[in-house]
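Biologist: I am new to this structure and would like to learn how to read it. Could you take me through some features one at a time?

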Amino acid sequence: AFLPVCCCIMTEGKTGWSLVAGVAVFGLAIWYRRKKTRDRKAAASSWLTRTQVLVGEDAVHNLLSANVLIVGLGGVGSFAAEFLARAGIGRMTIVDGDLVDQTNINRQLPALTSTIGEPKADVVAARIRDINPHVELTVMREFLSPERTREVLTEQKYDYALDCIDSITPKINFIDTCWRHNLRFVSSGGAGGKKDPSKVHVADISKTHSCNMLKIIRKRLHRRGIKKGFKVVFSHELADRSTAQVTDGSNFKKSYYGTMSYMPALFGCTMASVVIRELMGEKRV
């Protein structure tokens, strides 16, 4: 194994020694990051065998080296996070400030009778670590304000981000921040009020339709000068408006539709597939 060696170079004054120390720390950080990647690759050599048979060693290496951010761990985001973990993503940050509620059980991966009242982020984190104990996982138990969104997106360099937020204002803030920081991301439309899995598609935001949430998103993004240029998973099935319900408005969520068990999972699966295929080096989908 390669070990970093710090060579003492005689220089005059504190500036010279500071420069040497800075170079040494930078070199050590690079060595440590590369070592972690090698360790993940070695640990994954058995449980990712079937994946490597399908896509090859180089593609698996890309996944093990990737750093992905998932914001929102409800019906869409929780499944997306699990599919990414099972694909071997080496570094992940998951963000959600909500607790598991009994109304989540019909569609959300972390929701069980045994987990009611627990933070969704903690339940999903436990699953991810049980799938891959060598994953570098950052867990944030919070709802992102505009200020925190900027902080989170600039604290580290992400290779891809997933917008699984189901409230309009935080969703727009997240999309806007990703856009302005030139970060690759995929966004989710609304899965509520829909039952037909064959109508789920991936398209540029400018080509989406038949989704009430995305209609509002497009209009408000246009005011910020964002009209196209990022992918969205959406369904062109018209939502059953008779199932719409009004909320108390907490956490920017004013209403919701009835939801079928498999639809949010399908959205999450499709989002994960977009991220995984692009990180493996396939052409942009």
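This is a predicted model: local features need pLDDT of at least 70, side-chain atom pairs count only at pLDDT 80 or more; totals for chains, interfaces and linings use all residues.

Biologist: How is the packing of two helices described?

Modeller: Two packed helices are described by the angle between their axes and the distance between the axes. Here, helix H7 (residues 168-180) packs with helix H8 (residues 212-223) at an angle of about 50°, and their axes are 10 Å apart. H7 is therefore oblique to H8. Their crossing is right-handed.

Biologist: At what angle do the axes of H4 and H5 cross?

Modeller: The axes of helix H4 (residues 75-87) and helix H5 (residues 120-131) cross at roughly 15° and come within 9 Å. Angles under 35 degrees count as roughly parallel, so H4 is roughly parallel to H5. The crossing of H4 past H5 is right-handed.

Biologist: Which residues of H4 and H5 meet?

Modeller: From H4 come Ser 78, Ala 81, Glu 82, Ala 85 and Arg 86, and from H5 come Val 124, Arg 127, Ile 128 and Ile 131. By class, this contact of H4 with H5 has 5 nonpolar, 1 polar and 3 charged residues.

Biologist: Now a single residue. Is Leu 69 buried or exposed?

Modeller: Buried means under 20% relative accessible area. Leu 69 has 0% relative accessibility, so it counts as buried. Leu 69 lies in strand E1 (residues 67-71).

Biologist: What is Leu 69 in contact with, leaving aside its neighbours within four places in sequence?

Modeller: With those neighbours set aside, the contacts of Leu 69 include Thr 93, Val 95, Val 152, Tyr 160, Leu 162 and Phe 174. There is also a C-alpha separation to read: Leu 69 and Phe 185 are 116 residues apart along the chain, and their C-alpha atoms are separated by 9.1 Å.

Biologist: How should I read a nonpolar core, and which residues touch the most other members of the largest one?

Modeller: Read a core as a set of buried residues joined through side-chain atoms. The largest nonpolar core has 39 residues, and Val 68, Ile 70, Leu 84, Met 92, Ile 94, Ile 128 and Leu 162 touch the most other members. Elements that give two or more residues to this core include helix H3 (57-65), E1, H4, strand E2 (91-95) and H5. The largest share, 8 residues, comes from H9. Apart from this core lies another, of 28 residues, with Tyr 158, Leu 183, Ile 217 and Val 232 among them.

Biologist: What does Met 92 touch beyond its neighbours within four places in sequence?

Modeller: Among the contacts of Met 92 are Val 68, Ile 70, Ala 81, Leu 84, Ala 85, Ile 128 and Leu 137.

Definitions and conventions:
Residues are numbered from 1 along each chain as its sequence is written. Side-chain values use heavy atoms; hydrogens and water are left out. Axes are lines fitted to C-alpha atoms, for helices over the stretch in contact, and angles run from 0 to 180 degrees between N-to-C directions. Helices (H or I, at least four residues) and strands (E, at least two) are DSSP runs, numbered from the N terminus. Angles under 35 degrees count as roughly parallel, over 145 as roughly antiparallel, 65 to 115 as roughly perpendicular and the rest as oblique. A crossing is left-handed if the near helix is turned anticlockwise from the far one by less than a right angle, and right-handed if clockwise. Buried means under 20% relative accessible area, exposed over 50%, partly exposed in between (1.4 Å probe, protein chains only). Contact means heavy atoms within 4.5 Å. Ala, Val, Leu, Ile, Met, Phe, Trp, Tyr, Cys and Pro count as nonpolar, Asp, Glu, Lys and Arg as charged, and the others, Gly among them, as polar. A nonpolar core is a set of buried Ala, Val, Leu, Ile, Met, Phe, Trp, Tyr and Cys residues joined through side-chain atoms within 4.5 Å.
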